[in-house]
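Here are my notes on this one, as numbered points. Have the model open while you read.

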Amino acid sequence: MARSALEVADIFRDHGSAWRDANRGHVSLGQLKVMSAIESCRTAALGGHVARCEDAACGHTVIAYNSCRNRHCPKCQGSAAREWLAGREAELLAVPYFHVVFSLPAEIGDIAYQNKAVIYDLLFKISAETMLTIAADPDHLGAKIAITSVLHTWGSAMMHHPHVHMIVPGGGLSPDGKQWIAAAPKFLLPVLVLSALFRRRMLEALSAAHKVGKLVFFNDLAHLADADAFADYLAPLEGKKWHVYAKRPFAGPKTVLAYLARYTHRVAISSRRLIRADANGVTFKYKDYRIDGPGRYKTMTVHPHEFIRRFLVHVLPKGLHRIRHYGLLANGQREANLAKARALLGVKTMSSAAQATAIRPMRRLCTLVRAPAAAHACSSSRPSRAPADRGPDHPRRAP
């Protein structure tokens, strides 16, 4: 694949040092590590490897620089997504799949900005509990469903907008586990009911978290540390509509995999959306979701420092998993639940060994020989400019 003319890494290398100096003391260690990883990715700073054909008659050799493998790096998400999807392919059921989105209102998003680990975790748990509760209600589906949740924290313009994307099979196991209950072909659960329960439970969870001191507040939100002020802040949200969106069902399991490949390992912005960058601004493409039709595709130009700030807003807290599974896919009972579902659907179930064989990647034709020095001296198959010297305060990672 040809290298993009402009990459996020190029903007970080050209303007990252000045941005760090201007924001010294206000940048987290996690954000600094992400910047360093993106700047060094696929450069001589991380060393390289040589792929050489084992056939003596061929001997073809390709030299490439190593990847940083950081989960926020736009370059490294393709291979990570492929590896993750290989495992998910064995879990798909032969039923329609639905896409459901739970979004936090802007007022809660402001709190989440200062309490990422707590609020993102609540967003995952409360949205999943909401789906499982309504699905188990006999007045709706009356079944235990499977959920794969993916956290996104950005809008198309890279502003802070926490929301969860869910991929849900169209049906579930009956309470006694002896029957597969199918959802309607084009309807899973009522979004208004989901929205009301999600709102109530999220507000209750926020109040409980505040009561035990799990939330912190700074700057314009510092007054919310007071219990009465926090209660007054949440009160108007009880009458506000919380957005829960359900899209049309996918055409089939293959379509689900293609969709997951685009969503599971996405970062705030990919290099494909970048148009140009210089000292005056970074221009990129974005989508205005308030407009329907071709007019929603627009361009935006922001100062390079603002571009970096927006990108780093979406660095996740260390240890926070952005892909989670609930219901029938929860760890511990996943394999047994899937086997039972396939049996009820009349689909032959593969053994664990057969599944592993089916998804095992093909053996490489070439062996990999670690050769940092050779990689430093030779061109990569997809080279990237080496990071600029950032001074003693930001030492370069050794190969």
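1. Start with helices α5 (residues 116-136) and α6: their axes come within 9 Å and cross at roughly 140 degrees. Axes here are lines fitted to C-alpha atoms, for helices over the stretch in contact, with angles from 0 to 180 degrees between N-to-C directions. Helices (H or I, at least four residues) and strands (E, at least two) are DSSP runs, numbered from the N terminus.

2. The two helices, α5 and α6, are therefore oblique to each other; under 35 degrees would count as roughly parallel, over 145 as roughly antiparallel, 65 to 115 as roughly perpendicular, and the rest is oblique. The α5 and α6 crossing is right-handed (the near helix is turned clockwise from the far one by less than a right angle).

3. Who makes the contact (heavy atoms within 4.5 Å)? On α5, the residues include I119, L122, L123, I126 and T130; on α6, V193, L194, L197, F198 and R201 are among them. By class, the contact of α5 with α6 has 13 nonpolar, three polar and two charged residues (Ala, Val, Leu, Ile, Met, Phe, Trp, Tyr, Cys and Pro count as nonpolar, Asp, Glu, Lys and Arg as charged, the others, Gly among them, as polar).

4. A word on the source: this is a predicted model, where local features need pLDDT of at least 70 and side-chain atom pairs count only at pLDDT 80 or more, while totals for chains, interfaces and linings use all residues. Residues are numbered from 1 along each chain as its sequence is written, and side-chain values use heavy atoms, leaving out hydrogens and water.

5. Now the sheet: five strands, open, antiparallel pairing, in the order β8-β3-β5-β4-β12. Pairing takes at least two DSSP bridges between two strands. At the edges sit β8 (244-246) and β12 (323-327), each pairing on one side only. Neighbouring strands of this sheet are turned by 25 degrees against each other on average, direction ignored.

6. Strand β3 (residues 97-103) runs antiparallel to β8, joined by three bridges, and V101 stands opposite Y245 in β8. Helix α6 (residues 191-211) packs on the sheet, touching β3 and β8, and its direction makes about 150 degrees with that of β8.

7. Look at α9 (residues 304-312) too: its buried residues (under 20% relative accessible area, 1.4 Å probe, protein chains only) are P304, F307, I308, R310, F311 and L312. Their cover includes α1 (8-22), α2 (29-40), α5, β9 (274-277), β10 (282-287) and β11 (297-302).

Note on methods. Contact = heavy atoms within 4.5 Å. Buried < 20%, exposed > 50% of the residue type's maximum accessible area, 1.4 Å probe, protein only.
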